[in-house]
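Open your viewer and get ready to select residues by number. We will go stop by stop.

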Amino acid sequence: MKVALFLMIIGILLLLLGGIPAVFEFMGIQGFPLDPTSSLFPSHWFLMIYGFFGALIGNEVLVALSVEWTGRTADNRLIILFIIFTLIGSISFIYNQQLGLVLVLVAMSILLYYSKEYLGQSRIGLNPTLYNWLLFLSLMITVTIISVQISLGYIIPYLNLIFPVSMVFAVMARDISLVTGVKLTKGWEISLALVLLILGMTFRFEFLMILAWILSFHESGIYKFKGRKYPIIHLFTAWLYLLIGSIFVFNYDIFIHSIAVGFLFNTVFGVDVVLMDLFINAFQKRVSIKPSYAPYFLLNLGLLMRFIYDLGLSLPFFLLSAPLQRIGILLFFILTLKQVIK
C-alpha cells in the first residue's frame, strides 16, 4: 500500500473517531437519551484538528506539495514517522492529554522541519512564493501553540484551530486563483489578514477577526463569482461562516463551529485542487471528480439548525442537526472515493 494512501486512510478513520462522539454529545444536550461515546467526547476536538486535519495537511506538505516543488515525495521513513506520531498522539490524548500533546508536537515538528524544502528553489529554479513562507509561518505558530499548552500544563482547545485555519490561508495564497479565476495581486492583504486572524482568534477580539475577514474576502476574489460554480458556492459559504464566527466570538459554540465546521469543511469540499493532489499521489493516477451538492446541503443545513438552537430556539427536528453535519461530511468522502477507486 502506498504510504500516501495509508496516511489518507488514517485521516478518515480519525475523522470518524472524533466526529461520532460529537454527534451523540450534541444530541444528548438536546435531550437524546443515549450517549455511548461520552468517554471519547473530551478528545473530539483534538482528534479532528490534529488527527483528521493533521493527516490532510501532512499529505499536502510531505507528499503533494513536495512532488510539485522538489519532484519527489518526502522520504517514506519521514512520512511513516509522521503517521506514527499523529496516530499515537491522537489516541494517547484520549487517556493522557499531556502525552498526546507531546507526541503531536513531534508530528508537527516533522512538518515544520520538512517545510524548509520550500524555502529554497524548486526543482525547476522557481524562488519561494508567498505560499511557501505562509506555510512555514503557520507550522511555526502551530508548534509554538502546542508548546505553550504543554508548558502551561493545561489545554486551551480553541487556540488549536489556528493550525488548520492558518494552513487554509496559506493554501489560499497559492490555489484560490485556480478556483476563482481571479489572480491574487496584493500578497500583503492575505498576509496581514492571517496575522490579524491569529491575534483575533488567540484573544477572541471581534474587531481583529472582522478586519481579517474583510481583507481575506477582498483578496480572495470570491465575490467576483468567476470560475466554476461548485467551488465558488462552497468558498463563499466558507467565508460567510468565518464572518459569523467573527461576529459571534463570545458565543463559544457558534464561534468554534462556524470556523471548525462551516469554514474548514466548506473549504475542503470546495478547493478540490488540494484533494486532487491528494488522490493523484495516493492512487498514482489522474482523477476527474463530478461533485455532488448533497454533502453541501446536509452539512450546512445541520450547522444552521445548530446555530438556531444555540440562539435559543428549540424544535424537535433540530435533533437531526449533528447527524446531518456528519452524514454530509462522510457522504462527501464516500462519493469522492467511489469515483476515484472505480
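How far apart are the end C-alpha atoms of residues 230–250, and how much of the span is helix? Select that span and look at its two ends. Their C-alpha atoms lie 32 Å apart. The span is 86% helix and 0% strand. Keep in mind throughout that this is a predicted model.

**Stop 1: the annotated spans**

**Stop 2: serine 92**

Stay in that part of the chain and select helix α3, residues 76–95. Serine 92 lies in this helix. Is serine 92 buried or exposed? Its relative accessible area is 12%, which is under the 20% cut-off, so serine 92 counts as buried.

Show its side chain. A polar atom there lies 2.6 Å from the backbone oxygen of isoleucine 88. Next, hide the neighbours within four places in sequence. Beyond them, serine 92 is in contact with Leu99, Gly100 and Leu103.

**Stop 3: the largest pocket**

Select Phe41, His44, Trp45, Ile256 and His257. Of the 30 residues that line the largest pocket, these lie nearest its centre. Which elements give two or more residues to the lining? They are α1 (3–29), α2 (44–70), α10 (252–270) and α13 (321–341). Colour each one separately. Helix α10 gives the most, with eight residues.

How much space lies in this pocket? About 570 Å³. Now colour the lining by residue type. It divides into 22 nonpolar, four polar and four charged residues.

**Stop 4**

Move along α13. Glutamine 325 lies in this helix. Its relative accessible area is 2%, so glutamine 325 is buried. What does glutamine 325 touch, not counting residues up to four places away in sequence? Select Val261, Leu298, Leu299, Gly302, Leu303 and Arg306 to see its contacts.

Threonine 336 is also found in α13. At 6% relative accessibility, threonine 336 counts as buried.

**Stop 4: arginine 204 and glutamate 206**

Select arginine 204, in the loop between α7 (187–203) and α8 (206–220). Check its backbone angles. Most residues other than glycine have a negative phi. Arginine 204 is not a glycine, yet its phi is positive, at about 55°. With a relative accessible area of 16%, arginine 204 is buried.

Now step to glutamate 206, in helix α8. Its relative accessible area is 32%, so glutamate 206 is partly exposed. Leave aside the neighbours within four places in sequence. Glutamate 206 is then in contact with Ser246, Ile247 and Val249.

Key. Residues are numbered from 1 along each chain as its sequence is written. This is a predicted model: local features need pLDDT of at least 70, side-chain atom pairs count only at pLDDT 80 or more; totals for chains, interfaces and linings use all residues. Side-chain values use heavy atoms; hydrogens and water are left out. On a 1 Å grid over the protein atoms alone, a cavity is a set of points where a 1.4 Å probe fits but cannot get out, and a pocket is an open set with protein on both sides within 12 Å along at least five of seven lines; lining residues have an atom within 4 Å of a point. Grid points are joined across faces, edges and corners, and a volume is the space filled by probe spheres set on the points. Helices (H or I, at least four residues) and strands (E, at least two) are DSSP runs, numbered from the N terminus. Ala, Val, Leu, Ile, Met, Phe, Trp, Tyr, Cys and Pro count as nonpolar, Asp, Glu, Lys and Arg as charged, and the others, Gly among them, as polar. Buried means under 20% relative accessible area, exposed over 50%, partly exposed in between (1.4 Å probe, protein chains only). A polar contact is a pair of N or O atoms within 3.5 Å; within protein, one must be able to donate a hydrogen and the other to accept it, and residues adjacent in sequence count only if both atoms are side-chain atoms. Contact means heavy atoms within 4.5 Å.
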